Protein chains: 2
Amino acid sequence: MNLPALQQKFVIHFGEMGARWGMNRTVGQIYAVLFLSENALCADEIVAALGVSRSNVSMGLKELQSWQLVQLEHQPGDRKDFFSTPDDLWQIVMTLVEQRKAREVDPTLTVLRDLQMDSDYNETNAFARGRIEEATRMIELFSRWYEDMRDVDIERLERLLTMGAAAQKVLNFKPRKKTKKRKEN
Amino acid sequence: MNLPALQQKFVIHFGEMGARWGMNRTVGQIYAVLFLSENALCADEIVAALGVSRSNVSMGLKELQSWQLVQLEHQPGDRKDFFSTPDDLWQIVMTLVEQRKAREVDPTLTVLRDLQMDSDYNETNAFARGRIEEATRMIELFSRWYEDMRDVDIERLERLLTMGAAAQKVLNFKPRKKTKKRKEN
DNA sequence: CTGAATTTTCAGTAAATTCTGAAATTACAG
DNA sequence: CTGTAATTTCAGAATTTACTGAAAATTCAG
């Protein structure tokens with residue numbers, strides 16, 4: 001890997017995280033390199049930075065495009081494709097959230113609804129039915145909230161988050177539930 | 001797999017999702033079986049339901065315990081371990097969020113802070129430094145919000161979500177940003 | 001068109017992860 | 001203690017996923 005030591009740490013960390021975020025290591029690393037770069041980079045520059053094969057970078061960039069996490073641009077008089085990440089970090093976060101919702105929660109909601117349409121849904125034991133319905137309601141609640149919040153911009157977000165936290169504190173006149181799920185390892 | 005057809009669909013779906021959620025297929029399936037079961041189950045019952053090896057179930061249950069997603073109990077006069085999921089779905093969701101935060105965002109915050117402590121941080125190019133600092137701020141913002149919201153219960157949450165969404169609509173007197181990140185595939 | 005530059009595809013391989021069965025360990029009733 | 005039930009560990013096998021290099025396809029200047 002051919003990068004200043006500090007940036008390399010960042011890139012390696014994002015590689016590890018990428019793996020936990022449904023991409024893979026290389027994809028995470030490509031993203032990290034682009035994220036730290038002021039100007040858009042072409043595939044060969046990424047190859048040089050990461051020391052992986054050209055084809056791997058090509059596939060990684062395709063993956064990032066499918067996540068809409070990366071922008072393709074062209075430079076005058078150059079035939080190569082150049083890639084960059086949005087300047088606005090908040091937009092990046094929202095895209096990530098949108099994509100993960102689409103990949104992780106929407107399909108579940110679809111399955112849950114399908115199950116409830118199933119002809120022998122009512123044969124299923126009542127407890128399982130209750131669980132399925134409860135889960136459906138919970139996901140729908142979040143989905144509706146997400147739809148409402150989707151386009152909020154970052155300045156407004158800071159206000160809303162503060163507001164939400166304050167509201168929570170105000171509403172919370174009863175003593176809090178004992179918090180037993182704090183981890184200590 | 002030895003389960004009523006409808007429950008089997010549910011279990012298989014959660015297996016696929018489990019894989020996207022940093023567990024693996026079997027772990028997701030074990031969780032799904034427990035989630036749909038009114039009473040706690042022992043390992044052999046899970047083996048029977050899923051048709052995987054006893055040792056695989058053992059490892060899966062250990063993993064679920066490390067996520068604190070599963071409770072171990074004992075039944076009078078029985079030496080086996082029995083496992084169940086919390087009755088309260090909201091608690092399950094919060095545990096998931098807590099755990100994913102601990103696995104996906106906290107380590108990143110640590111790395112970002114470390115980078116900024118690094119002796120040659122100031123040698124790093126200004127753009128990259130800006131990105132790192134911006135990312136740090138964003139994660140800290142969410143972390144603080146999360147801390148405030150962590151122990152809210154579900155009835156209160158419904159109010160807060162509604163409130164948040166309403167607040168967002170009220171604040172949003174300016175026209176919304178053009179939403180260009182909706183995917184259509 | 002032609003051909004050089006660039007990107008993409010893909011079959012095969014490498015690497016990583018998951019799963020199993022057998023053996024080891026633990027837990028506890030008698 | 002002893003013996004049996006139950007759980008865990010772990011080395012190797014099976015499966016899945018990631019990566020590469022070579023070949024194919026695409027793009028576009030001339």
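Let me begin with a definition: a residue is called buried under 20% relative accessible area, exposed over 50%, and partly exposed in between, computed with a 1.4 Å probe on protein chains only. What you see is a predicted model, in which local features need pLDDT of at least 70 and side-chain atom pairs count only at pLDDT 80 or more, whereas totals for chains, interfaces and linings use all residues. Residues are numbered from 1 along each chain as its sequence is written, chains are lettered from A and ligands numbered from 1 in the order in which they are written, and side-chain values use heavy atoms, with hydrogens and water left out.

I turn to the salt bridges, by which I mean a side-chain nitrogen of Lys or Arg within 4 Å of a carboxyl oxygen of Asp or Glu. By that rule there are 18 of them over all chains. One of them connects A:Arg113 with A:Glu140, at 2.8 Å from N to O. Since A:Arg113 belongs to helix α5 (residues 89-117) of chain A and A:Glu140 to helix α6 (residues 126-149) of chain A, the pair ties together parts that are 27 residues apart in sequence; helices here are DSSP runs of H or I with at least four residues, strands are runs of E with at least two, and both are numbered from the N terminus. A:Glu140 is partly exposed, at 22% relative accessible area, and A:Arg113 is also partly exposed, at 42%.

Which residue does B:Lys9 meet in a salt bridge? The partner is A:Asp118, with 2.7 Å from N to O, and because B:Lys9 sits in helix α1 (residues 5-20) of chain B while A:Asp118 sits in the loop between α5 and α6 of chain A, this pair joins two chains. B:Lys9 is partly exposed at 45%, whereas A:Asp118 is buried at 19%. Both chains also contribute to a network of salt bridges that links A:Arg100, A:Glu104, B:Arg100 and B:Glu104.

Finally, the sheet. Chain B has an open sheet of three strands in the order β1-β3-β2, with antiparallel pairing, where two strands pair if DSSP finds at least two bridges between them. The strands β1 (41-42) and β2 (71-73) of chain B stand at the edges with a single partner strand each, so one side of each has no neighbour in the sheet. Three bridges join β2(B) to β3 (residues 82-84) of chain B, and B:Gln71 stands opposite B:Ser84 in β3(B).
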